[in-house]
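Good morning, everyone. I will take you through one structure, part by part. Please have a look at it first.

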Amino acid sequence: MPMALSIRDVQPGDAGELAALLNAIIARGGTTALEEPFDAASLDAAYLTGPDVHCCVVAVDTATDRLEGFQTLGRRADLPAEVGDIGTFARVDGTQRGIGTALFAATLVRARRLGLARINATIRADNDGGLAFYDKLGFTPDGISAPLPLRDGTPVARISKSFDLAVRHER
Ligand SMILES: CC(C)(COP(=O)(O)OP(=O)(O)OC[C@H]1O[C@@H](n2cnc3c(N)ncnc32)[C@H](O)[C@@H]1OP(=O)(O)O)[C@@H](O)C(=O)NCCC(=O)NCCS
């Protein structure tokens, strides 16, 4: 049976469960550019309710109340103020079940309400799933960085993609 999801704004009490969810993705490796684990407080400050967070939504499995993923939109010092920087995370054992897509529908509503002009996604060049995900949502290529070393020294470039909020996308 397909999982029934509900999407809601993050609450401070979600931080511990979301830190564990993200830390499992970091520990598996090969996708997110994040390499250091978070505790509840550091995750909350950086991506959930901290001062540079525009909005953050979570996906809840309505049958179990378990959090299945989250999507954050924040300010990034090297991007214009009207551009939100997105990050999306689904449980390592729960990808390609529509969690990221459902989160994005909610983020879009919030981003437009906030008056943002554009959403930026920065993705590791070796993260095929992440690149395909943002392509599917309608993000278009913006550029590629020079290779940056991971913690183990492996050079991996970052690809930027963006979503223009003024354009009516086919969804
Ligand atoms: C990237 C990520 C957020 C996608 O979330 P998701 O819930 O699996 O995405 P969805 O199920 O909504 O997928 C939507 C579409 O994206 C594409 N897609 C998603 N994951 C994919 C993968 N691993 N390989 C190929 N295509 C993929 C598909 O086109 C998919 O549509 P389809 O299932 O109808 O083919 C998830 O894989 C994840 O958490 N990855 C680890 C963290 C990360 O890399 N985040 C992105 C950088 S911030």
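In helix α2, residues 40–48, the buried residues are Leu43, Asp44, Tyr47 and Leu48. Helices here are DSSP runs of H or I with at least four residues, strands are runs of E with at least two, and both are numbered from the N terminus. Buried means that 20 or more other C-beta atoms lie within 10 Å of a residue's own, exposed means 12 or fewer, and partly exposed is in between, with C-beta atoms placed from the backbone. Seen down the axis of α2, the buried residues fall within an arc of 110°, so they line one face of the helix. That arc is taken from the directions from the helix axis to the C-beta atoms.

What do the buried residues of α2 pack against? They pack against α1 (15–28), β2, β3 and β4. Contact here means C-beta atoms, placed from the backbone, within 7 Å.

Before I go on, a word on the model. It is a predicted model, in which local features need pLDDT of at least 70 and side-chain atom pairs count only at pLDDT 80 or more, while totals for chains, interfaces and linings use all residues. Residues are numbered from 1 along each chain as its sequence is written.

Now the strands. β1 (residues 5–9) pairs with β2 (residues 53–61) in the antiparallel sense, over 5 bridges; pairing requires at least two DSSP bridges between two strands. Isoleucine 7 has alanine 59 of β2 as its bridge partner. β2 is also joined to β3 (residues 67–74), antiparallel, by 7 bridges. There, valine 58 stands opposite phenylalanine 70 in β3. The hairpin of β2 and β3 has 5 residues between the strands, and aspartate 65 in this hairpin takes a positive phi near 70°.

Next, alanine 106, which is found in helix α3. Is it buried or partly exposed? Alanine 106 counts as partly exposed, because it has 18 C-beta neighbours inside 10 Å. Leaving out residues up to four places away in sequence, alanine 106 touches Ile7 and Val57.

Last, the ligand. It is surrounded by 22 residues, and the closest are Thr95, Gly100, Thr101, Gly129 and Ala132. The elements giving two or more residues to this shell are β4 (83–90), α3 (99–113) and α4 (128–137). α4 gives the most, with 6 residues.

Key. Near = placed C-beta within 6 Å. Contact = placed C-beta atoms within 7 Å.
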